[in-house]
Amino acid sequence: MRRFPLYKQLDLMDCGPTCLRMIAKYYGRSLSMAALRNTSGISREGVSLLGISQAAEKVGFHTLGAKLSFEQLATEVPLPLIAHWQQEHFIIVYKVKRNKVYVADPVGALFTYSADEFCAKWGTPTQNQGVTGIALLLEPTPSFYEDKDDSEAPTQYGFGNLFVHLAPYRRLIIQLTIGLLAGSLIQLMLPFLTQSIVDVGINTQNLRFVYLILSAQIALFIGRTTIEFIRSWILLHISIRLNISILTDFFIKLMRLPMSFFDVKLFGDIMQRINDQRRIESFLTSSSLDILFSLFNLLTFGLVLLYFNTKIFLVFFLSSTLYSIWVLLFLNRRRKLDFKRFEVQSKEQSAIVELVNGMQEIKLANAELSKRWRWESIRMRLFKLNTKALVLNQYQQTGAHFINEGKNIIITFLAAQAVINGDITLGAMLSVQYIIGQLNSPIEQLITFFHSFQEAKISLERLSEIHEMEDEQSIAREGLLVVPKHEDLSIRNMSFRYETAGSRFVLDGITLHIPKGKTCAIVGSSGSGKSTLLKLLLKFYAPSEGEIRLGQSNLADVDHHYWRSKCGVVSQEGFIFSDTIANNIAVGAETLDIQRLVHAVQVANIREFIEGLPLGYATKIGAEGNGISQGQKQRILIARAVYKDPEYLFFDEATNALDANNEIVIINNLAEFFRGRTVVVVAHRLSTVRNADQIIVLEQGRVVEQGSHNELVTREGKYFELIRNQLELGA
């Protein structure tokens, strides 16, 4: 049976699409990971069996979800299949033979389990059928082989993209290379000088000659030390600049991605990718340059050793080859451990952020112990993986040291025998020992290079998954850089649902008109789609069906940056940065307009609070600054929207954390500010929406009523019911 194709999941939640990708490859078709991720409806919680099934059906598989006994899995169903593993993961079972189960795990490894080991992780015991588990059966249909449009494109982001970052430092790299070659030539002269001291200076008892050779060695040592000193500074300069360049590249790309990307990515996954940059930077600078030095040393000192003694050279060559093979045998196991550690480290970072950010809720729920235990269990898994890595390293090093020391002993014996037999001089023997020492280092550096290359390649694969995603702007059609100033907003038969398998429409067939310069309020019960509608208007998501128009233009055709520059937003998830109050209000402004700042804080009714602080507008707030209340936070967010002076305003429960007095003052201030602007307000409170030019009532994603406050109250429909419940009015 041919080796089963193996792909590794690049993210913690990618196991399902990765399994489908492997099975498609097994049947002869290469599919892109991005396409499978989209069609399977991956979310922050991962992907469901239903999502994998839907994605498989779309690419031409016939699928069947089933609950199987182990006997059925082993004898009755077609393989390969996707199995639900430990209630939180998906794997592929591709062969069952002689009580052995052969598994392809998306963490990047092929495993073989005994029947008992497999059942312990896959199934649950039952009375009648023994152990049963969940599996997805797949078989290709004719359409699987017909449609090749979504076949995997060749990887675009690779080492070539990274080496571009080294281009500005060509001269420094040339200087480094010259320094490395000069250092190698200096080292190459040392064994001949050592031989001269013994064979000439000592044998002829010529102390002046010894002084001369020692002076030459000191001069060479000083020269080599100087070269190493300069080389270290150049390397440090390149490393720091390169690290900044690669990270900047990553963040530029990250900020271009659509909001849907951040909905499904865990914090730990993103942080682990940032940590991956260090591996790549280390490989591009230290490892890649050192390998040139090692290869040159290996070649030159190898030729010198061959010149001194052919037999010793052959022993060194054969033992070094054996040493290299032994070390390289462990690379694949190191690779598997690396992927497992990436997964667990990602979980650990997410758990730490959750612990720190959720400390208030943890204390209120008296959940300190359970949350700490959850983190400790993740940490214990990481400890076990690190222990496995240590054991693997010990096995590798023990074998490597055995081979290396055995080689040194044999070479010492051969050199001593050659001196006794008169084949070489005593000085030549000392030179051979020095050369062997110099050759051992390049061999180890070559092995380290292969290991660094493997780690960098793994890290690059994880980064390339980000770099090859479509930008937010490219997902839209060709963006317009200019739109007519201040136009109506209209929504035509628009529906939307999140890209998770089996999800229902959050908005279903919405049609409404928002006139320019008017205030439109959107009300409805929780979960009716109000906040989602605002996100669609802000182009965080694209409609699943229908369209949004800005005047005569489709909003999908309008440039994202241009559109958002015209919009001011106060959302429920508004973020306060760890910065001064002034910079939190004037976010993104190159220079601070004091007049606009004062006007903004007056409208938000927070000027008295700010100017009463010791540092006033320079007071630092946010995660690392002084604590502020929810009401103060909300007023700063309102001031931020006002400072921007936008043509369109979107408020999502912008006053729900305010007390009645502050709310009345701010609503009155905003009423003046709203004049001539198009405003969309999502709110529950009657005081916030009653003066709107039109009120739209949403229920289960549909428009059920629209009109002014008085019109809707007169109808005594859904809106009347909402305000009656709020104000406890009688029927």
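Select lysine 371 and show its surface: Lys371 is partly exposed, with a relative accessible area of 29%. Buried means under 20% relative accessible area, exposed over 50%, and partly exposed in between, using a 1.4 Å probe and protein chains only. This is a predicted model, in which local features need pLDDT of at least 70 and side-chain atom pairs count only at pLDDT 80 or more, while totals for chains, interfaces and linings use all residues. Residues are numbered from 1 along each chain as its sequence is written, and side-chain values use heavy atoms, with hydrogens and water left out.

Stay on lysine 371, which lies in helix α15. Helices (H or I, at least four residues) and strands (E, at least two) are DSSP runs, numbered from the N terminus. Which residues does lysine 371 touch, leaving aside those up to four places away in sequence? They are Glu354, Leu355 and Ile362, where contact means heavy atoms within 4.5 Å. Draw a line from lysine 371 to glutamate 354: the C-alpha atoms are 9.3 Å apart, and the two residues are 17 apart in sequence.

Next, select α12 (310–328), α15 (368–420) and α16 (426–467) together; each supplies at least two residues of the lining of the second largest cavity. A cavity is a set of points, on a 1 Å grid over the protein atoms alone, where a 1.4 Å probe fits but cannot get out; lining residues have an atom within 4 Å of a point. To see the lining, pick Ser320, Tyr323, Asn404, Lys407, Asn440, Ile443 and Glu444. Three of the lining residues come from α16, the largest share. The volume is about 40 Å³, a volume being the space filled by probe spheres set on the points, with grid points joined across faces, edges and corners.

Now move to the largest cavity, with a volume of about 60 Å³. Select Gln9, Asp11, Leu12, Val107, Phe339, Phe342 and Glu343, which line it. By class, this lining has four nonpolar, one polar and two charged residues. Ala, Val, Leu, Ile, Met, Phe, Trp, Tyr, Cys and Pro count as nonpolar, Asp, Glu, Lys and Arg as charged, and the others, Gly among them, as polar. How many cavities of 30 Å³ or more does a search of the whole structure find? The search finds two.

Go to helix α3, residues 49–58, and colour Leu49, Gly51, Ile52, Ser53, Ala55 and Ala56, which are buried. Just after α3, stop at glycine 60, which takes a positive phi of about 110 degrees.

Then select residues 206–227, one of the stretches that the unreviewed UniProt entry annotates as "transmembrane region"; such annotations may be inferred rather than shown by experiment. Over residues 206–227 the chain is 95% helix and 0% strand, and the end C-alpha atoms are 32 Å apart.

Finish at the open sheet of four strands, in the order β9-β8-β11-β12, with antiparallel pairing. Because β9 (507–514) and β12 (553–554) stand at the edges, each with a single partner strand, one side of each has no neighbour in the sheet. Two strands pair if DSSP finds at least two bridges between them; β8 (residues 489–496) and β9 have five. Pick serine 490 to find its bridge partner in β9, histidine 513.

Conventions
1 Å grid on protein atoms, 1.4 Å probe; cavity = no way out; pocket = protein on both sides within 12 Å on 5 of 7 lines; lining within 4 Å.
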